[in-house]
Amino acid sequence: MIRAWLILADILVHLFLFISLILFYTLPLLEQHISKEDRMAREVSVNKDDFIDVNLEERLALFSAKVGDPVFIRIFKEESLLEVWIRSGAEYQHLKDYFICAYSGTLGPKLQEGDRQAPEGFYKVKKHQLNPNSKFHLSFNLGFPNQYDRAHKCTGSFLMVHGNCVSDGCYAMTDEKIEEIYMLVEGALEKGQKYIQVHAFPFRMTDEAMARYSESEWYDFWVNLKEGYDYFEAEKQPPHVKVEEKLYTIHEA
């Protein structure tokens with residue numbers, strides 16, 4: 001009887017070890033599969049307007065636009081999305097969306113050098129801020145800190161949109177995607193656009209989204225950013241942005 005129990009215990013131990021080995025080798029694959037499914041679900045949800053993975057040349061032709069026409073960029077952290085808009089007529093048209101491969105930090109503004117936080121706010125990119133020889137493939141500097149950031153004593157440097165899919169406070173794209181974005185930005189600046197406005201938001205600033213974050217410490221800051229978001233949504237023109245009494249003020253384009 002004792003021998004039978006010992007044999008049963010030995011079988012159970014070996015069975016436990018066998019199951020443990022199976023789980024050890026299959027769980028990482030399962031996690032990768034789930035992660036892939038999550039990414040696909042996110043892509044489907046954002047792709048509802050068909051602005052992602054569309055052919056750039058076809059989109060340009062659709063709006064009778066070309067590389068060199070004025071462009072405008074919006075960034076949304078929560079959605080990990082960079083929008084490019086282009087103007088070939090009176091209004092800006094939604095040209096194409098690009099998934100942000102990586103950004104560091106959380107929702108909220110960048111406060112100080114080394115906090116690994118990607119900035120939020122209204123920025124301008126001029127020709128001298130382009131870097132075709134970047135170690136991150138291609139890049140353009142957002143111009144942080146801007147006048148608002150300096151008024152609030154925020155510090156930081158070399159905050160960019162770039163390639164190489166790695167972030168230390170920047171918005172990083174894949175090399176393939178930054179090539180398209182960089183071409184559009186460089187082309188517009190070469191053809192005479194004085195600067196490219198880049199509006200970096202924590203999320204799409206709908207009334208519903210604002211209500212979700214009404215308890216955030218950054219709510220008042222986001223209310224200020226929403227003024228610029230709402231202006232573009234209504235006018236399809238980037239507003240003229242100033243900084244007065246430590247606040248962004250939105251003026252007619």
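**Close-up views of the predicted model**

**Ser80 sits in the loop between strand S1 (71–76) and strand S2 (81–87).** The model shown in this and the other views is predicted. Ser80 is not a glycine, yet its phi is positive, at about 50°. Most residues other than glycine have a negative phi. With a relative accessible area of 9%, Ser80 falls under the 20% cut-off and is therefore buried.

**Lys153 has a positive phi in the loop between H3 and S8.** The phi of Lys153 is about 60°, although this residue is not a glycine. Its relative accessibility is 72%, so Lys153 counts as exposed.

**A cis peptide bond joins Phe144 to Pro145.** The omega of this bond is near 0°. Most peptide bonds are trans. Pro145 belongs to the loop between strand S7 (139–141) and helix H3 (147–151).

**Cys101 and Cys165 form a disulfide.** One disulfide is found when the whole structure is searched. The sulfur atoms of Cys101 and Cys165 are 1.7 Å apart. The torsion about their S-S bond is about -55°, which means that the disulfide is left-handed. Cys101 is in the loop between strand S3 (92–99) and strand S4 (102–103), while Cys165 is in the loop between strand S8 (160–162) and strand S9 (171–172); the pair therefore ties together parts that are 64 residues apart in sequence. Both cysteines are partly exposed: the relative accessible area is 33% for Cys101 and 34% for Cys165.

**Cys154 and Cys170 are buried.** The relative accessible area of Cys154 is 10%. For Cys170 the value is 5%.

**Helix H6 covers residues 219–235 and has a kink.** H6 has 17 residues, and the distance from its first C-alpha to its last is 24 Å, close to the 24 Å expected at 1.5 Å a residue. The kink is about 25° and is centred on Leu225. Leu225 is also one of the buried residues of H6. Among the others are the aromatic residues Phe221, Trp222, Tyr229, Tyr231 and Phe232. Asn224, Lys226 and Gly228 are buried as well. An α-helix has 3.6 residues a turn, so residues three or four places apart point the same way. Just after H6, Lys236 takes a positive phi of about 55°.

Conventions
Residues numbered from 1 in each chain as written. Predicted model: local features only at pLDDT ≥ 70, side-chain atom pairs only at ≥ 80, totals over all residues. Heavy atoms only, no water. Helix = DSSP H or I, 4+ residues; strand = E, 2+ residues; numbered from the N terminus. Expected span 1.5 Å × (residues − 1). Bend = angle between axes of the 7 residues up to and from the residue. Buried < 20%, exposed > 50% of the residue type's maximum accessible area, 1.4 Å probe, protein only. Disulfide = S-S within 2.5 Å.
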